Amino acid sequence: MTKKIGFIGLGIMGKPMALNLLSKGFQVTVNDLNKEAVQTLVDSGAVASESQKMIGESCEVIITMLPASHHVKQVVLGDNGVLSGAKQGTVVIDMSSISPVVSKEIAAEAAKKGVEMLDAPVSGGEPKAIDGTLAIMVGGKEEVYEQVKDVLHAMGSDVTLVGGNGSGTTAKLANQVIVNLNIAAMSEALVLAAKAGIDVEKMYQAIRGGLAGSAVLDAKVPLILDRNFVAGGRIDINLKDITNVMETAHDIGVPMPLSSQLLEIFHALKVDGKAADDHGGIVQYFEKLANVEVRRA
């Protein structure tokens with residue numbers, strides 16, 4: 001029988017992920033504050049649910065894809081939340097990027113009701129959410145992972161069980177450090193080239209095949225050159241992730257000097273009105289310092 005999937009959170013990432021589940025033949029029930037996003041899913045064959053509790057009652061696998069830790073806690077643990085309706089044996093898969101501490105806390109509360117939980121954050125941004133090729137890093141029990149890995153593979157092409165509860169969210173934090181510091185380093189270099197007066201696009205073509213080449217470089221430089229900062233991964237969401245990085249790192253005794261500076265860069269961009277921009281917009285921080293703009297010749 002086809003699994004009945006509940007999907008809560010139809011934002012930039014969640015909507016295409018839910019659409020991919022539908023296209024792979026799963027029965028999907030959705031819930032979101034954005035009625036337009038809900039209608040898009042209904043038009044594609046999903047069922048709309050008025051509450052998280054009802055999703056808990058009717059679905060055997062429930063996916064949350066929400067902005068921050070407090071949203072996940074409210075949706076899963078709240079008075080009318082998933083756990084208030086979920087039956088024993090239900091599996092909650094939180095695919096949000098949240099604190100490992102909070103993720104473990106939610107998993108512990110779920111276990112009291114006989115509900116299993118996996119933390120399974122993703123990487124790849126909106127393009128990979130749309131084409132179903134996300135990288136998914138999973139934390140939780142192996143037997144639970146085996147039970148729902150077909151669901152995860154409907155949304156991602158690279159799905160890895162990292163370890164127990166909290167391992168997926170920890171891997172995601174490491175991922176966010178690497179991605180965003182890559183963008184920052186790249187941005188600093190692009191601004192140097194632009195201020196020196198060379199053709200930045202030609203420089204990009206010259207270096208992308210060498211050691212400086214990366215998936216980040218290829219994904220972000222063409223958008224920066226086109227001044228396209230429409231969000232695939234918003235600055236304010238990445239600010240939240242790096243805040244979680246710093247809190248987690250300090251809790252376990254890991255100094256993060258580069259990440260701490262990155263966090264301040266994100267705060268500066270937010271104050272400058274760039275919170276809704278793509279994180280490729282980090283370049284705008286360095287452009288302001290150097291009074292130059294990176295664009296095509």
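This is a short walk through the inside of one protein model. The model is predicted.

Start with the largest nonpolar core. This core holds 36 residues, and Phe 7 and Met 95 touch the most other members. Several elements each supply at least two of its residues: β1, α1 (14-23), β2 (27-31), α2 (35-43), β4 (61-64), β5 (91-94), β8 (134-139) and α7 (142-153). Helix α7 gives the most, with 5 residues.

Now look at Phe 7. Leaving out residues up to four places away in sequence, Phe 7 touches Gly 14, Met 17, Ala 18 and Leu 21, among others. Its contacts also include Val 28, Thr 29, Val 30 and Asn 31. Ile 55, Ile 63, Met 65 and Met 155 are touched by Phe 7 too.

Next comes Lys 3. This residue sits in the segment before β1 (4-8). Is Lys 3 buried or exposed? Lys 3 counts as buried because its relative accessibility is 17%, and buried means under 20%. What does its side chain reach? It reaches the backbone oxygen of Gln 147 at 3.3 Å. The side chains of Lys 3 and Asp 150 are also joined by a polar contact of 2.9 Å. Beyond four places in sequence, Lys 3 touches residues including Phe 26, Glu 60 and Val 151.

Finish at Thr 248, in helix α11 (residues 235-252). Thr 248 has 17% relative accessibility, so it counts as buried. Apart from neighbours within four places in sequence, Thr 248 is in contact with Pro 100 and Leu 173.

Key
Residues are numbered from 1 along each chain as its sequence is written. This is a predicted model: local features need pLDDT of at least 70, side-chain atom pairs count only at pLDDT 80 or more; totals for chains, interfaces and linings use all residues. Side-chain values use heavy atoms; hydrogens and water are left out. Helices (H or I, at least four residues) and strands (E, at least two) are DSSP runs, numbered from the N terminus. Buried means under 20% relative accessible area, exposed over 50%, partly exposed in between (1.4 Å probe, protein chains only). Contact means heavy atoms within 4.5 Å. A polar contact is a pair of N or O atoms within 3.5 Å; within protein, one must be able to donate a hydrogen and the other to accept it, and residues adjacent in sequence count only if both atoms are side-chain atoms. A nonpolar core is a set of buried Ala, Val, Leu, Ile, Met, Phe, Trp, Tyr and Cys residues joined through side-chain atoms within 4.5 Å.
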